[in-house]
Amino acid sequence: MAEKKKRGPSGMFLRWSLSYLIISVIALLLILFSGFRYTAVLRENLEYTNGIQLDMTCVWLDQKLGLLRNITARESLDSSITKIRNATDYDTTPKFSYYLLTKEVATDLISFGIEDPYFLYFPATDAMVSNAYYGQSQRYYELRLEPFGIPYEEWMGILAQDYATTQVFKPEQSDDTNYLILVRPLNINSTKGNKVNAVMLVDLDELIQASDWLNKDTLCIVDRNHNKIISNAELPDPVIQAILDRIAAVGSRKIITAEHMVVDGHYIAIISSDYENWDLAVIMQERTFASRILDVQKLILVVVLVYLVLTALVISNTAVKRYGKLRRVVNVLAKENHTPPELMTDAYAYIDSNVQKLVQANVENADLIARQQDAIARELFHSIMTSTNASADVDLEHLEKAGFPVRPDQTYYLLAYRLDERNWANEPNPEKTREMEWFILKNVTEETLSDKELHDLCFREGETQIYIVWSDAQGTQTLGNIEWAWRYCQTFLAQHFDFAYTVAISEEHSGVDGVNKAYREIRQVYHYQRKQKDPATVHYSQLNLLPGETMVQYPGEADNRLTLAVRSGDEASACAEIHKVMERNAQNYLSPAAMQFLASKMMASIVRGAEEMAGDAAIVESQNQVMEAAGREEQEQIERSLCNLAKVVCERLGKRNRQVQEDEKGQLYIKIKDYIDENYPDPGLNVNSVSEYFGKQPSFVSRYFKEMSGTNLTQYIHKIRLQHVKEKLLRGDRLEDIALSCGFGSQRSFLRIFKQYEGVTPSQYKELHSSKDEAMINETI
């Protein structure tokens, strides 16, 4: 048994780490294969690149030689050069001839595309001429050649010779200059006249910049005609001899394709020039060539070693942190199940099977707990719905645990669904079908509520599915989001399923007792829907029901009569109208909200005639008294407060009118108002017609009326017309007749102005303010 226990963990560890080992071996093989393959490719590439670079160097030098040949062939026939060449003394030669020659040289350089420094040397007169300068050698050197870092004596040692072919020189120069000197005589085959040498300076740095290896290696030029070697660095004798031997071996033939050889640890590549009997050779140390490959091999070795170390660290670290835990879990499970770990072929499968058992047991326990919690929550909900004093009867701690929004600062709504009755004769299992419909309704509703970031608790109370809906976000339009959710649900279900239902939404409530109130509101909505056969009315605030099916009575005609009475300063008529409205509602039981609604509507009618006095202290105080009386549900006190407000406003208007009438300016204001009141049916009534009637400028009349009334003249005309429009709307006149009889000229203009000032269309206003469909505020049941 002891041996089995010892072998068991080892086998398990090997199976566990097998994936690591396989991946490591594959990765190492790929690294080695890629490294050796890259080394071979690099060797081939270096050899190929070396040959290409040598060809490029040869092409570069041949281009310079070709340009030198072409320009000297051209200038050999130049008469200006011939004239100066035949001279024997610089001072006796006209300077204008040298000047003309500089222009011709400049033209030739441009024609042949020569960008390198170029000049002509006349040995007989010791004169030098380029494209921009001319003069005797010493003077020309100081002007032009001194910056190249070649001593004057060395220059003259090169230029003063008698050449038969093109020759190349590499003189000693300063550190910042690196030039080859190409010298070619003009009229090579001519024996007449003095010799003229054409000189071109070739910048070696230009070649070095175009190559990534010449800056480290040696470039040399072999002149077969003169058996000399020019190089930019000192070469060992065996290397020089090997180059000369190779050139001697080919005889007079040229080396067309680059040849490579290794001599005394140096890698040599040779190729011949196309224009001269020269050969170009590039010499680099063999260890430099091989070092790149060696670097790659070292890098591969380092990568392999690092990867092996990292693999070992990963396996050991994972074994400590992962395998140990895995082993302990297996041992515990094996002990619980009485299964020896050595008999297991897959530890992960063994753990997974045991975990699945645990998960299944937890799911069953969770389902049981969820059903118990759901039953408790349903019982709590039923208790607070049926109790008028739920806050005293129900334990708040239990509500909080069940997830009810019972915090004092938390508000909520009740949303309810009730499935419509239908014929189940053709249904084999109506109860199952009904439950499926409830399930679909619940899932779609909760998903749409969640989309609007709303929380909900769902319960079934008899044949009603009820949701407590609330939001934790500040400033959220909870009611609007609830309405969007049920409308979306309604559209979705209509498209995909065939069952009907009705909806009801309560007012906003808070606290435990609010659930009871909200539930009664829901029942009231369903009662209204059945009685009125109006399933479209779903919100409790939309109902027109009060106790005894009574309603607040304040028709639009009363509103207009009260406004006109106050505007004219007729206190008695205003109080009579107030008394009439209050008496009309005396038999109704008005809730505080309904009372405040009626008081605020009548108060708005009174102060509408004195908009410019809205900030008057006495008027503001009278308005506060009206609202205080409405809050105390004292109907007689409301009437007295409204009459007092009308009295204050009439006094203010009367005082203003008397002050206006006392001066000439005020009389004009009264006349303008009277004129508008009499002529409002005229479509042509506007600022210009009023100004013309009173013989004033339109700008004066507009400014004067604004100053006196605080209202724009055009706006005042529209308001007078709209007052008459409202009366005729509530009488049931046709819109076309109203538009023409009230001075709007066209129905289109009438509709636009009415919507601008009232915020609704004429039809909507008529529906909202007609005596038959006047808006109602319900008593809280």
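The model contains 0 disulfides, a disulfide being a pair of cysteine sulfur atoms within 2.5 Å. This is a predicted model, in which local features need pLDDT of at least 70 and side-chain atom pairs count only at pLDDT 80 or more, while totals for chains, interfaces and linings use all residues. Residues are numbered from 1 along each chain as its sequence is written, and side-chain values use heavy atoms, with hydrogens and water left out.

- Cys 643 is in no disulfide, and the nearest cysteine sulfur, that of Cys 575, lies 3.4 Å away.
- Cys 643 is buried at a relative accessible area of 17%, where buried means under 20%, exposed over 50% and partly exposed in between (1.4 Å probe, protein chains only).
- Cys 220 is also buried, with a value of 0%.

**Helix H7**
- H7 covers residues 237–250, and its 14 residues reach 20 Å from first C-alpha to last, close to the 20 Å expected at 1.5 Å a residue.
- Helices are DSSP runs (H or I, at least four residues) numbered from the N terminus, and the expected span is 1.5 Å times one less than the number of residues.
- Val 239, Ala 242, Ile 243, Ile 247 and Val 250 are buried in H7.
- These buried residues fall within an arc of 130 degrees seen down the axis, so they line one face of H7; the arc is taken over directions from the helix axis to the C-beta atoms.
- The face turned away carries exposed Asp 237, Ala 248 and Ala 249.
- Gly 251 follows H7 with a positive phi near 70 degrees.

**Helix H21**
- In H21 (residues 687–694), Val 687, Val 690, Ser 691 and Phe 694 are buried.
- Their arc is within 100 degrees, so they line one face of H21.
- Exposed Glu 692 and Tyr 693 sit on the face turned away from the buried side.
- Just after H21, Gly 695 has a positive phi of about 70 degrees.

Definitions and conventions
Helices (H or I, at least four residues) and strands (E, at least two) are DSSP runs, numbered from the N terminus.
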